Amino acid sequence: MSLSEAFELRAASRASCSPPGGGVKASGKRTFVCLPHAPGVRLAEADFTTKERILAAAESLFAERGFDGAAVRDIAARSGLNGASLYNHFPSKQALYEAVLERGIQPLLEELVRAAQAPGRGPAAGGRIIEALMAHLERTPLVPRLVEHEAVRGGEHLARLARHWIRPLFEQGLAALKASPDARRWSEDELPLLIAAYLHLVFGHFAMAPLLAEVLDEDPLAPESLARQTRFLRKLSQLLVGPPSPHPEGSLHEAQ
């Protein structure tokens with residue numbers, strides 16, 4: 001079973017991985033890697049490789065503390081390893097950071113490239129893109145929080161993150177949007193703003209999950225919550241880049 005299949009996203013209380021702090025914990029006959037600050041996310045250790053377990057723990061700590069604040073020894077401990085063992089899989093902390101970003105963002109880039117090149121573009125294609133992006137981030141839900149952490153902190157790693165990952169994601173999204181005939185309702189200088197809005201909406205749901213959990217009294221990463229958010233984004237996308245509505249004052253409820 002892959003790491004993505006091993007994610008158990010459930011509307012569970014934080015007690016499912018208590019005591020807090022993450023790490024390797026036993027539950028009955030199974031062992032789990034628990035990720036703090038991600039309520040309900042538990043990784044079944046027996047279901048994926050040591051390298052995947054390290055990536056999951058690193059994603060958690062980089063999201064929580066940023067690159068500078070995440071110590072290799074803490075990543076190793078959260079993976080159930082010692083520091084020396086971790087270096088058998090990744091030669092440096094920077095290499096591990098890049099591997100986390102590649103695992104989290106590269107599939108999004110590939111999906112947008114396919115969307116820009118695929119025939120049959122339009123509102124339905126936009127809906128498929130949103131479904132694919134949300135489904136991938138469901139498997140790597142802490143990557144948007146990692147991006148948010150670096151954006152707030154600023155500095156060297158933000159510049160590298162923007163240059164190597166977020167700018168290409170932005171550019172591919174723009175190419176996919178320009179390929180849609182219905183995007184012509186937007187002016188050339190408005191299209192980048194539309195892509196920025198999409199990034200906020202998709203990444204924001206995951207990055208703001210702890211706050212949303214407190215405000216909405218539900219787990220935003222639970223399958224039913226993610227399904228509802230995906231449906232909402234599909235409707236919103238149809239309003240933004242779908243055929244012009246004959247009822248300009250129509251509500252989101254009217255967009256099917």
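**Aromatic cluster and a buried aspartate in the predicted model**

Of the 256 residues of the chain, 45% count as buried, where buried denotes a relative accessible area under 20%, exposed one over 50% and partly exposed a value in between, computed with a 1.4 Å probe on protein chains only. The model is a predicted one, in which local features need pLDDT of at least 70 and side-chain atom pairs count only at pLDDT 80 or more, while totals for chains, interfaces and linings use all residues. Residues are numbered from 1 along each chain as its sequence is written, and side-chain values use heavy atoms, with hydrogens and water left out. The secondary structure comprises 11 helices and 4 strands, taken as DSSP runs numbered from the N terminus (helices: H or I, at least four residues; strands: E, at least two). Among contacts (heavy atoms within 4.5 Å) between residues at least 6 apart in sequence, 66% join residues at least 24 apart.

A search of the whole structure finds 3 aromatic pairs, a pair being two rings of Phe, Tyr or Trp (its six-membered ring) with centres within 6.5 Å, counted as stacked when the planes are under 30 degrees apart, edge-to-face when over 60 and tilted for the rest. Phe62 and Tyr97 form an edge-to-face pair, with 4.9 Å centre to centre and 85° between the planes. Phe62 lies in helix α2 (residues 50–69) and Tyr97 in helix α5 (residues 93–117), so this pair ties together parts that are 35 residues apart in sequence. Phe62 is buried, with a relative accessible area of 0%, and Tyr97 is likewise buried, at 1%. Tyr97 also forms an edge-to-face pair with Phe67, at 5.0 Å centre to centre and 75° between the planes; this pair again links distant parts of the chain, with Phe67 in helix α2 and Tyr97 in helix α5, 30 residues apart. Phe67 is buried, and ring pairs link Phe62, Phe67 and Tyr97 into a cluster. The charged end of Lys93 sits over the ring of Phe67, 4.5 Å from its centre (the criterion being NZ of Lys or CZ of Arg within 6 Å of the ring centre and within 35 degrees of the ring normal).

Elsewhere, Asp219 is placed in the loop between α10 (209–216) and α11 (223–241). Asp219 is buried yet has no salt bridge, defined as a side-chain nitrogen of Lys or Arg within 4 Å of a carboxyl oxygen of Asp or Glu. The nearest side chain of opposite charge, Arg145, is 7.8 Å away, with Lys and Arg counted as positive, Asp and Glu as negative, and His and the chain ends not counted. The side chain of Asp219 does, however, reach the backbone nitrogen of Leu221 at 2.9 Å.

Key
Polar contact = N/O pair within 3.5 Å; in protein donor to acceptor, adjacent residues only side chain to side chain.
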